[in-house]
Amino acid sequence: RRAHDVVSEDRDVAVETSVGLLEDTWADPLTGLASRARMRAIIEASLGAGPGAGSPGVLVAGLDGKLAEDLGHRVADQALVSMAERVRSLCGIHPQDWDTAGRWGESSIIVIPPASSERSIREWALSLQGALTTMTTAEGHSCSGSVAEVRIAPGTSMASLEVEIRHALAEALDAGPSGLASNVRA
């Protein structure tokens, strides 16, 4: 019994350490995009730099449906990788370009459109939505993604931005498949 408790405690420490190390990495090991911690740091820095310093908004793409529950985690991971490839292609993201897009959640990717782009945030959102309408995993499963367009108002805090992202993505997923939602009402 004592040996079991020690092994169990060692396993718990190893899991906590792995999670902590993963949070501190620059890249998400599954998608090869930036990690959530990296993207959060980039966004926070732009929020702190004042108006006009960063992107006027972000896009968050989420996988439609419950792939992990319906088809298993391997298929859901493949779908996320497929979505990351589409994001890379659409946004011109090169390997180790960890300032433009990254994994945001279990089944979502965040994109910071270039502030210098001639395209509006809405145009980027529509392009991304079109790119994610139909995707195929490595094993041939069809999937799609929905897109949340989240504009950043001057003075926005990271905490309130994360709430806006969560709400807009939930609305986009509810409107799916291949839904689109914005935190700015028309």
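Ala, Val, Leu, Ile, Met, Phe, Trp, Tyr, Cys and Pro count here as nonpolar, Asp, Glu, Lys and Arg as charged, and the others, Gly among them, as polar. By that scheme, the lining of the largest pocket has ten nonpolar, six polar and nine charged residues.

The model is predicted: local features need pLDDT of at least 70, side-chain atom pairs count only at pLDDT 80 or more, and totals for chains, interfaces and linings use all residues. Residues are numbered from 1 along each chain as its sequence is written, and side-chain values use heavy atoms, without hydrogens and water.

**The largest pocket**

This pocket holds about 480 Å³ of space. Gly-105, Glu-106, Ser-107, Ser-108 and Leu-173 are the closest to its centre, out of 25 lining residues. A pocket is an open set of points on a 1 Å grid, fitting a 1.4 Å probe, with protein on both sides within 12 Å along at least five of seven lines; lining residues have an atom within 4 Å of a point. α6 gives the most to the lining, six residues.

**Helices α4 and α5**

The axes of α4 (residues 73-91) and α5 (residues 121-131) come within 10 Å and cross at roughly 135°. The crossing is right-handed. Contact means heavy atoms within 4.5 Å.

| Helix | Contact residues |
|---|---|
| α4 | Arg-86, Val-87, Leu-90, Cys-91 |
| α5 | Trp-124, Ser-127, Leu-128, Ala-131 |

The residues of this contact divide into six nonpolar, one polar and one charged.

Key
Axes fitted to C-alpha atoms, helices over the stretch in contact; angles between N-to-C directions. Helix = DSSP H or I, 4+ residues; strand = E, 2+ residues; numbered from the N terminus. Left-handed = near helix turned anticlockwise from the far one by under 90°. Points joined across faces, edges and corners; volume = space filled by probe spheres on them.
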